[in-house]
Amino acid sequence: MNIIEITKENTAAFADILGDDLTVDMGRSCFRGFGALDELDRPRGAIVFELFGADQNRDTTSRIRLLEGESDEIKDELKDAYAGGVREIEISESFYATPDNVLAEYLEHIGFSKDQTESKEIVLSLSDIENLPIKLSAKIPPYVMNLSRASVIQYRNFIKRTILKGNKGSVEDLAYLPRSWFDGDISSCVVTDEKLDGIFLIRKTPSGELHTALYVAYGPDYIKNLGFMLVNTINSAILKYPPATKVVINRHNVAVKKLTGKLLHGFTGSEEFSGKRTE
């Protein structure tokens, strides 16, 4: 078996293993991977991991996003390649979260802990959101608008500002992503005095899901503006996408957990397995 690094140039060869979303994600700066090819150069497995903290003055950690192989022997070769990558990048800790018990058991076998937990992600449909106790008929002030109406410079300045404040949302490589990576027709922003004071970023994935990425506002009216952006984004999404469209909300910090606890009462994350390993 030939183990190679997955790069932009060869990602397409592993598309059937990676799936639509990870195939695109492999072009991002924080994603790495190794693939297994047989003697005829046919893909037989892959491991993909996402780096956190690599561009900051703190320990780099790694989340294993995928580990698939047609046999345990192939998985063993991929985990050995991952171990080499861990040493090269100087990863301090690896972790995972998956609903797949078979994968969790394999990771436990190679030194990871294993716990059963509730996912940080809540998955619901647009029709579910439309029925939430939110006043979707609320009048939106003119300074709250879809992101597509803001300029690229306004967007970039706001992203720099919020990263300096230590807020990346659920997107580790936010600083490197173009505005076009998000759906400008449903993402919302607050524009005052020609600058952005708030943003609600939504990513439409290649698989067709809507993922929340960053939800933040600044200034004396930030609480009101968070509410206006939420209503604007929901209404825009309902107009653009079918009711069955899946929406994935990542409860990545305490503030988002509190908000979802109030708005999404009764909706919880699915059960999954999670664990970590010190490298």
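How far apart do the C-alpha centres of domain 1 and domain 2 lie? In this predicted model, the gap between those two centres comes to 30 Å. The domain assignment of the protein chain places domain 1 at residues 2–119 and domain 2 at residues 123–250.

So much for the layout; next comes the place where the two domains meet. Here, 14 residues of domain 1 make contact with 11 residues of domain 2. Together the two domains bury about 900 Å², and 44% of that area sits on carbon and sulfur atoms. On the domain 1 side, a trio stands out: Asp21, Arg28 and Asp55 account for 48% of the area that domain 1 buries against domain 2, more than any other three residues.

Arg28 turns up again when it comes to charge pairing. The count between the domains is 1 salt bridge. Asp173 forms a salt bridge with Arg28, and their closest N and O atoms are 2.6 Å apart. As for polar contacts, 3 residue pairs are found across the interface of domain 1 and domain 2, with both residues of each pair at pLDDT 80 or more.

Which elements of domain 1 each bring at least two residues to the side that touches domain 2? They are helix α1 (15–25) and strand β3 (43–52). Of the elements on this side, α1 gives the most, with 4 residues.

Conventions:
Residues are numbered from 1 along each chain as its sequence is written. This is a predicted model: local features need pLDDT of at least 70, side-chain atom pairs count only at pLDDT 80 or more; totals for chains, interfaces and linings use all residues. Side-chain values use heavy atoms; hydrogens and water are left out. Domain bounds come from an automatic or database domain assignment. Contact means heavy atoms within 4.5 Å. Buried area is the accessible area (1.4 Å probe) that two parts lose on being put together, summed over both. A salt bridge is a side-chain nitrogen of Lys or Arg within 4 Å of a carboxyl oxygen of Asp or Glu. A polar contact is a pair of N or O atoms within 3.5 Å; within protein, one must be able to donate a hydrogen and the other to accept it, and residues adjacent in sequence count only if both atoms are side-chain atoms.
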